[in-house]
Amino acid sequence: MPTLAKRAVGGILALLGLLLTVIGLWYAIHLGGGGTATFSSKPAGANPVLVPQTVLNRVDGVVKVTATPKAGGAVWLAAATPSDAKAVLGRTAHTTVTGVSTRPWQLESESTGTGQAPELAGTDVWRNTETGDGAVSMTIEQANAPETVIAQATKGELDRVDVTWERKSWFVQSVIAALVGLFLLLSGGSLLWTSRPSRPATHETTPTSDTAVLPARSEEESA
């Protein structure tokens, strides 16, 4: 392989390896050994938060939804079918979680509707409910899909909503990605090192056998 081509391939491999190593390590650190991914959102105002089936049932595994009120508040969590949850909320003001973002590990959301939402706990469409002061959690099984969760502050306002997925294979995949990236980085670095420009050889002049050596003059000859 020509030297220029080796240097180009080495540079590409090193760059890809560095990128893959950084991404793999970044995910491994955030996920931890248990492969736990938690995404958070800070709702504005007292509007209820809707976590739809498009988020909860995206991954085949257990999902944990946690709602935390501001100091001195209380929270109500409920699970229902998507159609029932939408029917109860109607066109009242609420926040809907639309997806997740791994860069800041946040829940993406949008606010829709107008007017204050009613007391949702008073209806009988809920499959499961949880209420309490401080943080309240609910676990969603995929066997019950499709399912939607609504969080509402019964006292005060919501401070944050967290959605957590756990899968140990995610951590293993992150470590494998980091190791593959490290291998590519070392391979690219090796190609760059072996294809580096060679230094020009230096030549030293040594006396040959044909060179005449003059004898030193004696003091008498100098006189």
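Rings of Phe, Tyr and Trp (its six-membered ring) pair if their centres lie within 6.5 Å; planes under 30 degrees apart count as stacked, over 60 as edge-to-face and the rest as tilted. The structure holds six such aromatic pairs.

This is a predicted model, in which local features need pLDDT of at least 70 and side-chain atom pairs count only at pLDDT 80 or more, while totals for chains, interfaces and linings use all residues. Residues are numbered from 1 along each chain as its sequence is written, and side-chain values use heavy atoms, with hydrogens and water left out.

**Aromatic pairs**

Two of the pairs are set out here.

| Pair | Centre to centre | Angle between planes | Class |
|---|---|---|---|
| Tyr27 and Trp105 | 6.1 Å | 70° | edge-to-face |
| Phe39 and Trp165 | 5.8 Å | 70° | edge-to-face |

Elements here are DSSP runs, numbered from the N terminus: helices are H or I of at least four residues, strands are E of at least two. Tyr27 sits in helix 1, and Trp105 in the loop between strand 5 (94–101) and strand 6 (106–112). They are 78 residues apart, so the pair links distant parts of the chain. Phe39 belongs to strand 1 (residues 36–41) and Trp165 to strand 10 (residues 158–166). This pair also links distant parts of the chain, at 126 residues apart.

Burial is set by relative accessible area: buried is under 20%, exposed over 50%, partly exposed in between (1.4 Å probe, protein chains only). Tyr27 is partly exposed at 25%. Trp105 is buried at 11%. Phe39 is buried at 5%, and Trp165 is buried at 5%. Ring pairs join Trp26, Tyr27, Phe39, Trp105 and Trp165 into a cluster.

**The nonpolar core**

A nonpolar core is a set of buried Ala, Val, Leu, Ile, Met, Phe, Trp, Tyr and Cys residues joined through side-chain atoms within 4.5 Å. The largest one has 27 residues. Those with the most contacts inside it are Val51, Leu56, Leu77, Ile140, Val149, Leu158 and Trp165. Elements that each supply at least two residues of this core include strand 1, helix 2 (53–56), strand 4 (74–80) and strand 9 (148–155). Strand 10 gives the largest share, four residues.

**Helix 1 against helix 4**

Two packed helices are described by the angle between their axes and the distance between the axes. Axes are lines fitted to C-alpha atoms, for helices over the stretch in contact, and angles run from 0 to 180 degrees between N-to-C directions. The axes of helix 1 (residues 3–31) and helix 4 (residues 168–194) come within 6 Å and cross at roughly 155°. The two helices are therefore roughly antiparallel, a class for angles over 145 degrees. The contact residues of helix 1 with helix 4 divide into 20 nonpolar, ten polar and two charged. Here Ala, Val, Leu, Ile, Met, Phe, Trp, Tyr, Cys and Pro count as nonpolar, Asp, Glu, Lys and Arg as charged, and the others, Gly among them, as polar.

Leu186 lies in helix 4. Leu186 is exposed, at 57% relative accessibility. Its C-alpha atom is separated by 7.0 Å from that of Ala14, 172 residues apart along the chain.

**Backbone exceptions**

Most residues other than glycine have a negative phi, and most peptide bonds are trans. Trp105 has a positive phi, near 55°. A cis peptide bond joins Ala145 and Pro146, with omega about 0°. Pro146 lies in the loop between strand 8 and strand 9.

Notes. Parallel < 35°, antiparallel > 145°, perpendicular 65-115°, else oblique.
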